Amino acid sequence: MIRLVFLVTIASILTETVRAQVGSSWSGDRYQRITIFFTNDVHGGIVNTEATFINPEFPPMIGGGASAARYIHTARRQAEKEGWGVLLLDQGDIFQGTLVGTKTGGKAVIDFMNLIRYDAMAVGNHDFDLGRDNLERIQKLSEFPFIAANIVDKETGELAPFVKPYVVKEVQGVRIGILGLATRGTLSMSYPAHVAGLDFLPEIPAARDYVRILREDEKCDFVILSTHAWLDYNPDEGYRRLLEDIKKGKDFERGTASGIEIAHFVPRIDLILTGHIHRGHNTPWEDPLTHTLVIQSYANSSAALGHINLYFDRKTRTLAGYNFDLDQGAMLTLFRDEFWPDPELDRTIAAWQSEVEKGFDEVIGRTRNDLKRTSDGESPMGNLVVEAMLEESGADAAMSNYGGVRAEIKAGDITARDVFKVMPFDNKIVLMKVKGSFVKELMEDRVAGNSNGMLVAGLKAVIDKNRTDRERVVTLEIADRPLDPDAEYTLAVSDYLAEGNSGFGRLTTVPEEFVAQTGVAIRDAMIRYIQKHSPVDLQPDGRFRIIRKIVN
């Protein structure tokens, strides 16, 4: 314990010395500049978008992929003139989330990435949303490699045919190895059929093996890890949790690892680019012991493009420091009036949009109030989703997960486009016939530990977080009557949850003869519900009440 504290203290002093150099001026005679552009969780965000997160009432326009293209092309021209190096890397989840991304199966996004010359892309969990065959199709269209050293064939143990483990780039005299890793959590976040025949190996052992290859066999001066693993919302808190888990003897070699954990346990990685949780960081977090830098952009490349300049000692070809082109750090929000779009690509993307978005701006109804969402308890948006599922299916109760609700809708007119933003995935309604006791146990699953429950319709529940696990559901009613543990009820859930995802593993135990695939998309059910009940007026109504845990 004393040795660990001593090491962290000494490492922290060294870290501050490195960070103090960040703002220094870097002589071109002594240092070689290499600029890294990075994106993650693009989710089809190559189109012009209103920045409602800046100003909901008068949102400025974000320039989309065309603004990113012009910025990157300009930087490349300057780099060629002044002798810099440039790399452009993506950390996965490239297409699912916008009409132009989803409706083209990712082809439009790949075409865009080819046009602005990406160097490599790590594979994200949502890249499997339309199945492995679709992922292999767009990989063949790409002019850059998909990299993931830990996606293997289940039977042979060999690397999956659509990925490479790494690429090596000679950039202005610096030999750079770019290693790719998928998040092992892809197995539990994807439909089993979409990842059938594949295994996702634990990140830390895979990274350790390939870093050795890059350093010793490939003779790389600098190693970048491009991964869909994540950097914590608060990295310092994440690191404190890591140290606590080490004390408790946690096995980090087998489970799904975060970027911070990989940085700590795999020496000789210089820079880790992460993704997955849609939280951007203006400056890199640095591991106190290994000095690995970890950084991540926000979601949607058009809303946040990462840009960091690295400086290498020309004699030793080692990293001397880094800086940014903008005062706020590495994150660029590509406002259209500030980052002018490339006109030709702007027209191309607009043509893609017009082809796939016909009819999506027609008004389908209205809402009296803002339909907001939450990740805890009830919300108007969450209630709309499950009420639509309930009405469409005729089930006794409907359940969904918070993470499946991806956007909000403002008061006023509602278009099909608005609904698509809320439910961009092609999830369909599944019916399950179960006993009341099963419903109770399923709800106990979802409120155990720190879990916050679920979205519900057709039932009413009171959850007491002060009680021990498995005893927290204190009130449970269906159709305004107390739950009968021996009675049969029909549940409506998404096919995603029916596969056991998001903590709904108990659903996989329902016998096949009691499961009915309706084939009805939840998105379509929502559209019909809005059309029928317009103007919508949904508010939290006490259907899912949580008594908070008392902390002394």
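This is a predicted model: local features need pLDDT of at least 70, side-chain atom pairs count only at pLDDT 80 or more; totals for chains, interfaces and linings use all residues.

Q: OK. How do strands in a sheet hold on to each other, and what is the strand order in the open sheet here?

A: In general, strands of a sheet pair through backbone hydrogen bonds, and they can do that parallel or antiparallel. In this case you've got five strands in the order β22-β19-β26-β21-β27, with mixed pairing.

Q: Which strands stand at the edges?

A: Those are β22 (455-457) and β27 (515-521). Each has a single partner strand, so one side of each is left without a neighbour in the sheet.

Q: Can we zoom in on one pair? How many bridges join β21 to β27?

A: Four bridges, and the two strands run antiparallel. β21 covers residues 428-435. If you want a landmark, find Leu 431: Ala 516 in β27 stands opposite.

Q: Now the helices. Which strands does α11 lie across?

A: Look at residues 380-393: that's α11, lying across β19 (397-400), β21, β22, β26 (488-494) and β27. Its direction is at about 135° to β19. Helix α13 (residues 436-447) packs on the sheet too, touching β19, β21 and β26, and its direction makes about 120° with that of β21.

Q: And how do I read a helix-helix crossing? At what angle do α11 and α15 cross?

A: Check how near the axes come and the angle between them. Here the axes come within 8 Å and cross at roughly 95°, which makes α11 roughly perpendicular to α15. Residues in the contact include Leu 384 and Ala 388 of α11, and Met 526 and Tyr 529 of α15. By type, the contact residues split into 10 nonpolar, one polar and five charged.

Q: Last one: is Arg 543 buried or exposed?

A: Buried, because its relative accessible area is 7%, and the cut-off for buried is under 20%. You'll find Arg 543 in the loop between α15 (522-533) and β28 (544-547).

Q: What polar partners does the side chain of Arg 543 have?

A: One is the side chain of Asp 541, in a polar contact at 2.9 Å. Another is the backbone oxygen of Val 456, which lies 2.9 Å from a polar atom of the Arg 543 side chain. Further along the sequence, Arg 543 touches residues including Glu 378, Asn 383, Glu 387 and Leu 459.

Notes: Residues are numbered from 1 along each chain as its sequence is written. Side-chain values use heavy atoms; hydrogens and water are left out. Two strands pair if DSSP finds at least two bridges between them. Contact means heavy atoms within 4.5 Å. Axes are lines fitted to C-alpha atoms, for helices over the stretch in contact, and angles run from 0 to 180 degrees between N-to-C directions. Buried means under 20% relative accessible area, exposed over 50%, partly exposed in between (1.4 Å probe, protein chains only). A polar contact is a pair of N or O atoms within 3.5 Å; within protein, one must be able to donate a hydrogen and the other to accept it, and residues adjacent in sequence count only if both atoms are side-chain atoms. Angles under 35 degrees count as roughly parallel, over 145 as roughly antiparallel, 65 to 115 as roughly perpendicular and the rest as oblique. Ala, Val, Leu, Ile, Met, Phe, Trp, Tyr, Cys and Pro count as nonpolar, Asp, Glu, Lys and Arg as charged, and the others, Gly among them, as polar. Lists of a residue's contacts leave out its neighbours within four places in sequence.
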